[in-house]
Amino acid sequence: MKLETTYKSNNYPIIIEHHALDQLHDYIKNYQDIVLVIDQKVENEWSHITDFIASEYEAHKLIVPSGETTKTLSFYEETIESLLSKQLTRNTCLIAIGGGATGDFTGFLASTLLRGVDFIQIPTTILAHDSSVGGKVGINSKHGKNLIGAFYRPKAVIYDLNFLSTLPYSEILSGYAEVYKHALLNDIESVNHIEAQYSDEQALKSLDEIEYYLYKGVQTKLNIIVADEKESNVRKFLNLGHTFGHAVEYKFKIPHGHAVMIGIVFQFIVTNIMLNKSFNIAHYVNYLRGLNYPLDIVNDLEFESLYKLMLNDKKNDEQGVQMVLLKDIGDPIVRHVDYKTLSKAFAEFKSYFNK
């Protein structure tokens, strides 16, 4: 399966299939220097592949820690100084091989190295089907997640589904959150379809038909980002579940998708309060339990500290906390949510998980 962005210029392909790496040569054959930025966990499992690419193209290999620990100013400084010591030219391509954090970090490196060099995304997780597309790159600050970054498009996204065969279930759960989010942004038929396909832990572990849902997820995101690349309008819809979710993730250092799923449930409660809706919160809580999301973290959540983190969210403005809410499935809106509403929603949220 292949998709292509449809900007006015500087478009890039998104290839989603088994053995997609066979097409890498077409995109890197003309570069003078190639740097592979590889997630440590991926290197442990797939060194035979990364060694082959490095040998074939005389590429530098840079192994980086897995997860968000990579996305710090100190590690960025250490890494970019190391790259500059190699006397690279601007005819350089960085290739991110790993999950979302590796892609975010590599893209930010590329956007700043020599005032900008090319980069290619090779996502290796389900979660990265979302982060590898759209050109948002960055690192974290002590004040919050992804507060230092840029909009910088890759030259290609090459999503080889063979990598998914070694994913632990925790990573499957994390990635599934973004796949499920895209279904919520589409329509009720999409949600019913995906819930029926992945009705419990065993079904989700199988990843049966995952190619279809990844393709649909990327297609959903493309439809939004091409209309609004710099997040001034409808691109904000992609933050469904993320305002509260990012705060939980940053506070407790849990996997991104686990936090987003918690954020999605919280969003439904806020929606019911603010928009006088009647979403069945118990349904979503039970669905998460059926998939075996680790929800014990909810017992440790405390409102005031999370509220402060929500206030630091980069999507906010002078009016305060902004959240994406679903008027109906497939019909998102952005609303400012006041302290009193958030506090009330949080108390109700905790009660559902304590039942």
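## A hairpin of two strands

Strands E7 and E8 form a hairpin, with 2 residues between them, in a model that is predicted. Strand E7 covers residues 136-141 and strand E8 covers residues 144-151, and the two pair in the antiparallel sense over 5 bridges. One of the residue pairs involved is Ser-141, whose bridge partner in E8 is Gly-144.

## Confidence in the model

Across the chain the mean pLDDT is 92, and 99% of the residues reach 70 or more. Among the elements of the chain, the lowest mean pLDDT, 84, belongs to helix H5 (residues 128-131), whereas helix H7 (residues 188-197) has the highest, 97.

## The open sheet

An open sheet is formed by 7 strands, which follow one another in the order E1-E2-E9-E6-E5-E3-E4 with mixed pairing. Strand E1 (2-4) and strand E4 (60-64) stand at the edges and have a single partner strand each, so one side of each is left without a neighbour in the sheet. From one strand to the next, the twist averages 15°.

Within this sheet, strand E2 (residues 13-17) runs parallel to strand E9 (residues 156-160), and 4 bridges join the two. Ile-16 has Tyr-159 in E9 as its bridge partner. Helix H4 (residues 100-112) packs on the sheet, where it touches strand E3 (33-39), E4, strand E5 (92-98) and strand E6 (118-123), and the direction of H4 makes about 165° with that of E5.

## The second largest pocket

The second largest pocket holds about 270 Å³ of space. Its lining is made up of 13 residues, and those that lie nearest its centre are Leu-21, Asp-22, Ile-49, Phe-52 and Asp-160.

Helix H2 (residues 40-57) provides the largest share of the lining of the second largest pocket, with 5 residues. Sorted by class, the lining of this pocket has 8 nonpolar, 3 polar and 2 charged residues.

Rolling a probe the size of a water molecule over the atoms shows where empty space is left. For this model the count comes to 4 cavities of 30 Å³ or more. The largest cavity contains about 110 Å³ of space, and of the 13 residues that line the largest cavity, Gly-144, Lys-145, His-246, Leu-309 and Asp-313 are the closest to its centre.

Which elements each supply at least two residues of the lining of the largest cavity? They are E8, helix H10 (242-252) and helix H13 (303-311), and the largest share, 4 residues, comes from H10. By class, the lining of the largest cavity has 5 nonpolar, 5 polar and 3 charged residues.

Key: Residues are numbered from 1 along each chain as its sequence is written. This is a predicted model: local features need pLDDT of at least 70, side-chain atom pairs count only at pLDDT 80 or more; totals for chains, interfaces and linings use all residues. Side-chain values use heavy atoms; hydrogens and water are left out. Two strands pair if DSSP finds at least two bridges between them. Axes are lines fitted to C-alpha atoms, for helices over the stretch in contact, and angles run from 0 to 180 degrees between N-to-C directions. Contact means heavy atoms within 4.5 Å. On a 1 Å grid over the protein atoms alone, a cavity is a set of points where a 1.4 Å probe fits but cannot get out, and a pocket is an open set with protein on both sides within 12 Å along at least five of seven lines; lining residues have an atom within 4 Å of a point. Grid points are joined across faces, edges and corners, and a volume is the space filled by probe spheres set on the points. Ala, Val, Leu, Ile, Met, Phe, Trp, Tyr, Cys and Pro count as nonpolar, Asp, Glu, Lys and Arg as charged, and the others, Gly among them, as polar. pLDDT is the predictor's confidence in each residue, from 0 to 100.
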